Amino acid sequence: MIHRRITTLALCLFLATSALAQRKPIPRPVFAAKTIAIVNHAHNDAVETGALESLKRWGKFTVVDDPDTADIVLTFEKASEHEGKSTQTSKDNNDGKSPETSYNYSMSFGSSLTMKATMKGSTSPFYTATDSDSKKKGGAACVVSFQRLQPGPLTR
């Protein structure tokens, strides 16, 4: 009973901490930024194409090639997941012989795309977006998510 209460309390604290972390204020310089660069660690040109097309439609930033000169750097990374499942079944034919055993193995694959936005001179991102599509649509969706940032509480 006590263990269950401690577990429940720990879960509540974790959820409250996660909710607060998601409300992290956007740094003031983000809203004054003029230039943006893309660093494509997803190793998929379509990701960068989708991001560039969305940035051009938005029109707020000048896209530059050199991340060292950009006010904001968008870094894209791809995460791949795979899971294997092994099954074994036995069938007894009731013929006095050993049961027949069959083995199966299946794999499922998936990937997601994460975009981290950092300000010039910073190593920690001020904004992170994730999309389940790790191609052109994912790059575009992450930029659109970033575009939807509404001026809220600002840091000083």
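Let me start with how helix geometry is defined here: axes are lines fitted to C-alpha atoms, for helices over the stretch in contact, and angles run from 0 to 180 degrees between N-to-C directions. Helices themselves (H or I, at least four residues) and strands (E, at least two) are DSSP runs, numbered from the N terminus.

Now the caveats. This is a predicted model, with local features needing pLDDT of at least 70 and side-chain atom pairs pLDDT 80 or more, while totals for chains, interfaces and linings use all residues. Residues are numbered from 1 along each chain as its sequence is written, and side-chain values use heavy atoms, with hydrogens and water left out.

Overview. The protein chain has 4 helices and 7 strands. In sequence order the pattern is α-β-α-β-α-β-β-β-β-α-β. The chain has 156 residues, and 27% of them count as buried. Buried means under 20% relative accessible area, exposed over 50%, partly exposed in between, with a 1.4 Å probe and protein chains only. Contact means heavy atoms within 4.5 Å. Among contacts with a separation of 6 or more, 66% join residues 24 or more positions apart.

Next, the helix pair. How do α3 and α4 pack? Their angle is about 35°, and the axes are 6 Å apart. The crossing is right-handed; that is, the near helix is turned clockwise from the far one by less than a right angle. On the α3 side, the meeting residues include Ala46, Val47, Glu53, Leu55 and Trp58. On the α4 side, they include Lys136, Ala140, Val143 and Phe146.

Two of those residues carry charge pairing. The count comes to 1 salt bridge, defined as a side-chain nitrogen of Lys or Arg within 4 Å of a carboxyl oxygen of Asp or Glu. Glutamate 53 pairs with lysine 136, and their closest N and O atoms are 3.3 Å apart. Glutamate 53 sits in α3 and lysine 136 in α4, so the pair ties together parts 83 residues apart in sequence. Glutamate 53 is partly exposed at 33%. Lysine 136 is partly exposed too, at 39%.

On to the core. A nonpolar core is a set of buried Ala, Val, Leu, Ile, Met, Phe, Trp, Tyr and Cys residues joined through side-chain atoms within 4.5 Å. The largest one has 24 residues. Ile72, Leu74, Phe76, Met115, Phe126, Tyr127 and Phe146 have the most contacts inside it. Contributors of at least two residues each are β2, α3, β4, β5, β6 and α4. The largest share, 4 residues, comes from β5.

Take phenylalanine 146. Setting aside residues up to four places away in sequence, phenylalanine 146 touches Ile36, Trp58, Phe61, Ile72, Met115, Ala117, Phe126 and Tyr127. There is also a second, separate core of 5 residues, including Val39, Val64, Ala70 and Val73.

Asparagine 40 lies in β2. Is asparagine 40 buried or exposed? Asparagine 40 is buried, at 18% relative accessible area. Its side chain reaches the backbone nitrogen of alanine 42 at 3.0 Å. It also reaches the backbone oxygen of asparagine 44 at 3.0 Å. Beyond neighbours within four places in sequence, asparagine 40 contacts Asp45, Val47, Glu48 and Phe76.

Last stop, alanine 32. Alanine 32 lies in α2, residues 28–32. Alanine 32 is exposed, at 52%. Its C-alpha atom is 9.0 Å from that of aspartate 71, 39 residues apart along the chain.

Technical notes. A polar contact is a pair of N or O atoms within 3.5 Å; within protein, one must be able to donate a hydrogen and the other to accept it, and residues adjacent in sequence count only if both atoms are side-chain atoms.
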